[in-house]
Amino acid sequence: MTEPSIHANDRLRRTWRWVALAWLLVVLAVGWHQWRFWHASRIDSDVLALLPQQPGERELNDVTRRIADAGARQMVVLLGAADANGAKRAQAAFVGRLDELRKADPASVPFVETGAAQDWFARAQDFYASHRDRLLTAAQRETLAAASVDALAQQALAALYSPLGAPRLTAWRADPLALWPQWWQQRAASSGLSIGEDGLVQAEGRYWEAMQFETSASAFRLNGNPTIQGALDAASDAARAQVAGLRVVRAGVPLHAEAAAVHANFEINTIGWGSLAAVLLLVWLAFRSLRPILLVAASLLIGVAAALSVTALVFGKVHLLTLIFGASLVGVAEDYGIHWFASRQGGDADARWALLRHLLPGMCLALATSALAYLALGLAPFPGLRQMALFSVVGLTAAFLTAICWFPWLDGGTLRDSAFARRIGDSLRFFPRIDGSRKWRIAGMVVLAFVVVGLCRLRTDDDLRGLQSSPKPLIEQQVEAGRILGLPSPAQFFLVRGGDAEQVLQREEALVDRLRGLQDKGEIGGWCAISDWLPSRKRQDQNAALSARIESDVLAKVGAATGERLQRATFAAQPLDPADFLASPASLPVRQLWLGQLDGNVASVVMVNGLTKKTTATLAAQAAEIDGVRWVDRTADFSRLLGHYRKLMSGLLLVGVALVYLALHARYRRDAWRILLPTLVAAVLTLALLGWIGQPLQLFNVLALLLLLGTGVDYGIFLVEHDGDARAWMAVCVGAASTWLSFGLLGLSATPALRAFGLTLLFGIGAVWLLSPLFRPATSSHHPDSIAT
């Protein structure tokens, strides 16, 4: 070792002592934050956090969020029996079993019943009773306006004396024409429901008891225990024991959130701990020493902990997908530690400071390209992806700093060559270099044919519904509950705005009149509008005047026939008020539809069920004809946006290729193409493979290609930086294998977005790993200073 090199190493050692101490203080701060974070975990499982926010659509984003929040803790359980008595017995057994579980362990039933349908119906009747005269259906208004008083009087007289008359909700004198029961039946019919006199829903040949529950806390927990499902399963078993052939259907956001938590727990353990175990096993096989295992594991744990802390501090919460995606970071962050020990293997411990000087340029460039690729994720306006980008960059940087700051101090012993490492290093000589010979031209034509056919088979699919990750049985039950109860999709609705509540309600009524015609034609199943339950003041006054005139005349006719003097019942002088209605139990089915103040206007939502792709265009046309009404299809909006950003990120991928090439050219000049081309070929082969296996191209595949660009060039950098060095090839192989395993496990994720990431990188990393040695130069123009051993 020359004298200048010795002095340079001494200066580096003195400086590095302070660098290592500074990094120790940062790690201690991270450890303190981790202790606080896991004692008050702030994990976000909301799928909307993953989706892009549309420019200029803040209002719609706010509306969507309000609708989602309204049902965030709501669940519904339907018990379907062959007869009404069976449904009631099943409900008693179901609730009884929940009470038993709650008494034994309150934490085992983390939800409470908010009331059965019959209980709500009685409270709603009490609220509406004094305003009955202001509640008329469209058909009733037409009938009262057109029918003769004599005919109506005969109808009322027959109802008075007939023991088998139509069902009544009040005394005869308070509703001589039995208008109120018809109004209630119309509320159910407008949503596609059929409700009997006993208050049970009648659908699909069964009587259904509907129970609504509300969770006491977030259903998302990372302990992996399906607490809600366990309680509902036990109660369902008790109900089935009482009623043979009982059908139990469950629906609600908490069920999906808990299922997501169970999957998250499994995937974090599988991907995270599986990746860690694979990495440590590879390190052991390569180095046959406990010291590399402990130091590499420390760099990984510090990297993940620092990433989690910084993400939580910046965003306030850490998204579930960030945790799962971050678990795969283990397969990338270990590259720096492995590269250090591969270069140290077989060398003298005293040469580690010279080794640090030798490795720093290449390792810094590798970190920079990987960080740029991960940061490219943050260019898309996805809060979840921006979290992933920050998490990954911080994690890689922390693992890198741990390796370069501490390893020279902590790795003071000797590190012998292992047979495993020698065999991997020697395998480099079996990889030929690509040249212009005939066999390579033939191979190129075969690959080209494979790529062309695969790319021709490749299709794009930006449908948001393809990202659904809930278990299939849960989705099927959600659909069934929606069909039975006439529940509309919360992602497709009419947004109604006006200067005040009265204008909003009048515009809703105009819209509902049009929807009624579509329902009669069978184009929609029904709708859910607050104006059906709270008519506008104008319509209330019209209804009250019409019913007062007709009913007074009818009572006079009936009184003349019976010889009695009949007085019409008195009703409230003032119409129903929006504030009183929203505060009452009667508003429970539609309360979430009233948005109140929204950007200086008053707004509400009208939802529609039984939609088809064909009818959405009709609904949009209907909305365009009414002032202040807009048709909103968030599923289609987000799908179009996913397609837009897929194209945008594809363009940015090409820009990234150009930038990476410029960065490589600044150091490697004429050999820069040898580093970049294997990654580009691997990316094209990956797209062709996706086409061959029928996997559609989505935004998340493109984002994975960005990561491939950052990680793939690392292998080329190490091979060109240390040309012909078997230790560098061994480091590439161990690092690539661990990365390949990590993202291969990510391909097993139940979350479609993460699975797309995993499959793309599984193919891409494998391809670039095999292609990189084929493009290595015959001789290197980058001869680093020799390292004394």
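**View 1. The hairpin of β10 and β11 in a predicted model.** Two residues lie between the strands of this hairpin, and D599 takes a positive phi near 55°. Strand β10 covers residues 594-598 and pairs with β11 in the antiparallel sense over four bridges; two strands count as paired if DSSP finds at least two bridges between them. G596 stands opposite A603 in β11. Strands (E, at least two residues) and helices (H or I, at least four) are DSSP runs, numbered from the N terminus.

**View 2. Strand β11 with β8 and β9.** Strand β8 (residues 492-498) runs antiparallel to β11 and is joined to β11 by six bridges. R497 has A603 as its bridge partner in β11. Strand β9 (residues 526-528) is also antiparallel to β11, with three bridges, and W527 has V608 as its partner there.

**View 3. Helix α25.** This helix takes in residues 699-721, 23 residues in total. From first C-alpha to last, α25 reaches 34 Å, close to the expected 33 Å, which is 1.5 Å times one less than the number of residues. A bend of about 25° falls at L708, taken as the angle between axes fitted to the seven residues ending there and the seven starting there. Because 23 of the 23 residues of α25 are buried, the helix is largely enclosed by the rest of the structure.

**Notes.** Residues are numbered from 1 along each chain as its sequence is written. The model is predicted, and local features need pLDDT of at least 70.

Methods:
This is a predicted model: local features need pLDDT of at least 70, side-chain atom pairs count only at pLDDT 80 or more; totals for chains, interfaces and linings use all residues. Side-chain values use heavy atoms; hydrogens and water are left out. Buried means under 20% relative accessible area, exposed over 50%, partly exposed in between (1.4 Å probe, protein chains only).
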